[in-house]
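Student: I would like to learn how to read a structure I have never seen before. Could you take me through it slowly?

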Amino acid sequence: METQIRQLREGDDRNSFDCGVDSMNEWIRHVANQHQKKNLSRTYVAAASSAPRTIAGYYALAATAVETDGMRGAKLPRSASAVLLARLAVDVRHHGQGLGEFLLMHALNVVLKASGRVGVQCVIVDALDDNAAGFYRKYGFEPFTDAPRRLFLPVATIEQA
Ligand SMILES: CC(C)(COP(=O)(O)OP(=O)(O)OC[C@H]1O[C@@H](n2cnc3c(N)ncnc32)[C@H](O)[C@@H]1OP(=O)(O)O)[C@@H](O)C(=O)NCCC(=O)NCCS
């Protein structure tokens, strides 16, 4: 399947998306477009070229600021600029085929490009559960010492990859 990642469009079929987690399904169905219109977040979807309106997976990014107290590593001011990876989900019909990794790599590349124009210290994610935290740790995200399901990845680490 040839899959492309692009920004969410009005005509996309958001209702048939099912990643197995109700809150993630509801978000793409009812919230993503509204947030896009209000410039609160940008949603990117993966779609096969054979079914361009069907969402196989998605992620959303939003600008944020993060308290650095729980971050190990470089000395930083108390608050730092960050991009929140607000959602990342793959339809159950495509689980285990590398699409989650493809979406995550695309998201990190978008952040890297943005950081060349606007300072971004790190990417932040709030994992749904310990399993999801394991997924992010696999790609170098580290947990905050004071909130183990909140993880961060410095842009400097993405640059070195
Ligand atoms: C988590 C999720 C995005 C992974 O997507 P996917 O397309 O199935 O994952 P991939 O096939 O790209 O897997 C990439 C790697 O991550 C691992 N992985 C996948 N899901 C994982 C999980 N839940 N926990 C830990 N590792 C996981 C895979 O084993 C694979 O590693 P390998 O290459 O060493 O075998 C998907 O299961 C999903 O949408 N879950 C429901 C929503 C969710 O939990 N999102 C996380 C947001 S907080």
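**Reading the ligand shell**

Tutor: The residues of the shell around the ligand divide into eleven nonpolar, eight polar and two charged, where Ala, Val, Leu, Ile, Met, Phe, Trp, Tyr, Cys and Pro count as nonpolar, Asp, Glu, Lys and Arg as charged, and the others, Gly among them, as polar. This is a predicted model, in which local features need pLDDT of at least 70 and side-chain atom pairs count only at pLDDT 80 or more, while totals for chains, interfaces and linings use all residues. Residues are numbered from 1 along each chain as its sequence is written.

Student: Which residues come nearest to the ligand?

Tutor: A residue is near a molecule if its C-beta atom, placed from the backbone, lies within 6 Å of it. Of the 21 residues around the ligand, those that come nearest are His95, Gly100, Glu101, Ala132 and Gly134. Two or more residues of the shell are given by each of strand E4 (79–90), helix H2 (99–115) and helix H3 (130–137), and H3 supplies the largest share, four residues.

Student: How many helices and strands does the protein have?

Tutor: Helices (H or I, at least four residues) and strands (E, at least two) are DSSP runs, numbered from the N terminus. The protein has four helices and seven strands, in the order β-α-β-β-β-α-β-α-β-β-α from the N terminus on.

Student: What share of the residues is buried?

Tutor: A residue is buried if 20 or more other C-beta atoms, placed from the backbone, lie within 10 Å of its own. Here 32% of the 161 residues count as buried.

Technical notes. Buried ≥ 20, exposed ≤ 12 C-beta atoms within 10 Å, placed from the backbone.
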